[in-house]
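Subject: Structure for your review

Dear colleague,

Please find below the structure that I am handing over to you. I would be grateful if you could look through it while reading the notes that follow.

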Amino acid sequence: MPNVRVIPCLDVDKGRVVKGVNFVSLRDAGDPVELAEFYDQSGADELVFLDITASSDAREIMAEVVLATAQKVFIPFTVGGGIRSNDDARLMLRSGADKVSINSAAIANPKLVSDIAFEFGSQCVVVAIDAKMAGESSYEVYTHGGRVATGIDVTEWALQAQSLGAGEILLTSMDRDGTRDGFDVSLTSLVADALSIPVIASGGVGKISHFVEGAVSGHADALLAASVFHFGEITVRAVKDELLRSGVSVRPYGC
Amino acid sequence: MIVVTDYGIGNLGSAQKALVRIGADAELVDQPVDLSGVTGIIMPGVGSFGACVTALHSSGLGSMVMKAVDLEIPLLGICVGMQLLYKGSEESPEVPGLGLIDGWVRRLEGAPKVPNMAWNQVEYVNKGEKSFLFESLPNDPWFYFVHSYAPDITDDTVAKCNYGSGFSAAVSSKNIFGTQFHPEKSSGTGLKLLSNFFEYCERKASV
């Protein structure tokens, strides 16, 4: 099994981190750059910024965050939210992001995946998929933050994204997101086993053992979580120690 | 000054930002520059081998790199930038590489997932002593990789990695160096490697 990555996700609104982060070591808990630096130091393998800004100048604000982050953070980071064109992708990549994540825009226009992959390379194209259980081991893709059902089967879309040139899949379980009940390992393993590109599991982490489940039972290549890290309940180091104890190969803390 | 070649594909600015972070005077250049004040060159690369070769040459940066090699200015290729140093790649067999290092670049074989998008440990291949690139780093250090192709292990390999099968993770031949991993994305370990390269360039320029 390849080495698993542990990825904190930061939700950013108008250039500020949302979801009540409060570490004693941070001067400004709402500053995405400072938080990203903190996670780099804490042993995170990668970071994801999810831009949830609704205003029309969202792209410019996010590009500034990316530019400032790239000067201080030296682990890979992905920017998602509102990327609808090659121009949007170019702005983020030229500002210093390593990858862009596309979700609803890719469903609306699958060619966007191949267009971005063609211009910038597959390694920087993450296709984010929000999926919800639709029946016995069957999952449906949702868009627009989980509000719109598409009728598309998750594995079918993930395979299509792979053949269009996606470098990896960020797979969120709508059923588990926010529940703290753990990753949906049935969904994760279904998609991870069907693909030849890496799958990042997302949605539902509440305790350390959930990370182990995501890797061992979910066959995830990477494990993403937000609130458990931000609230300081679980450290990246503790996650890695537990993964290693459970026989999951990861870059140990301090390496 | 270290120049970082920017031939317009992807995020090539990270290496320059990392160099600035370690205190180096580093500039991103998208066209050939006068080499008189240049102490070292970093050639990053992402995307396909063929697209990188084409962009490198059409920007004129390819000939600048070749000229720098003639002048014995240290050169560090990163990721596809390392692959460009070789004779060619299975990814784009019709497009020759720079041919500065003997050997070929091949698709990763035997791995469950390609691309290899993960932190992996590398093992030093010492020729008498370990490469200066890894000075002050522990044995078997961890670096971040994103690639589907990799160079063969050859006599010039100074660190190897295993992902499905073995490949060359770092290479050194005269003043030409390469890393298949991304030091600029490998946190403190990667910054140390870049710092070692920068110091080598400084020492070389002052001789």
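Two elements are said to be in contact when heavy atoms lie within 4.5 Å. Please keep in mind that this is a predicted model.

I begin with chain B. Helix 1 of chain B, residues 14-21, lies across strand 1, strand 2, strand 3 and strand 4 (75-78) of that chain. The helix runs at about 165° to strand 2 of chain B.

These strands belong to an open sheet of eight strands in chain B, with the order 2-1-3-4-13-12-11-8 and mixed pairing. Strand 2 (26-29) and strand 8 (123-124) of chain B each have a single partner strand and stand at the edges, so one side of each is left without a neighbour in the sheet. Strands of a sheet pair through backbone hydrogen bonds, either parallel or antiparallel. In chain B, strand 1 (residues 2-5) and strand 3 (residues 40-43) run parallel and are joined by three bridges. Ile2(B) stands opposite Gly40(B) of strand 3.

I turn now to chain A. The axes of helix 3 (residues 86-95) and helix 5 (residues 111-120) of chain A come within 10 Å and cross at roughly 40°, which makes helix 3 of chain A oblique to helix 5 of chain A. The crossing of these two helices of chain A is right-handed. Helix 3 of chain A contributes Asn86(A), Ala89(A), Arg90(A) and Leu93(A) to the contact, and helix 5 of chain A contributes Leu112(A), Asp115(A), Ile116(A), Glu119(A) and Phe120(A). The residues of this contact between helix 3 and helix 5 of chain A comprise five nonpolar, one polar and three charged.

Yours sincerely,
A colleague

Methods:
Residues are numbered from 1 along each chain as its sequence is written. Chains are lettered from A and ligands numbered from 1 in the order in which they are written. This is a predicted model: local features need pLDDT of at least 70, side-chain atom pairs count only at pLDDT 80 or more; totals for chains, interfaces and linings use all residues. Side-chain values use heavy atoms; hydrogens and water are left out. Axes are lines fitted to C-alpha atoms, for helices over the stretch in contact, and angles run from 0 to 180 degrees between N-to-C directions. Helices (H or I, at least four residues) and strands (E, at least two) are DSSP runs, numbered from the N terminus. Angles under 35 degrees count as roughly parallel, over 145 as roughly antiparallel, 65 to 115 as roughly perpendicular and the rest as oblique. A crossing is left-handed if the near helix is turned anticlockwise from the far one by less than a right angle, and right-handed if clockwise. Ala, Val, Leu, Ile, Met, Phe, Trp, Tyr, Cys and Pro count as nonpolar, Asp, Glu, Lys and Arg as charged, and the others, Gly among them, as polar. Two strands pair if DSSP finds at least two bridges between them.
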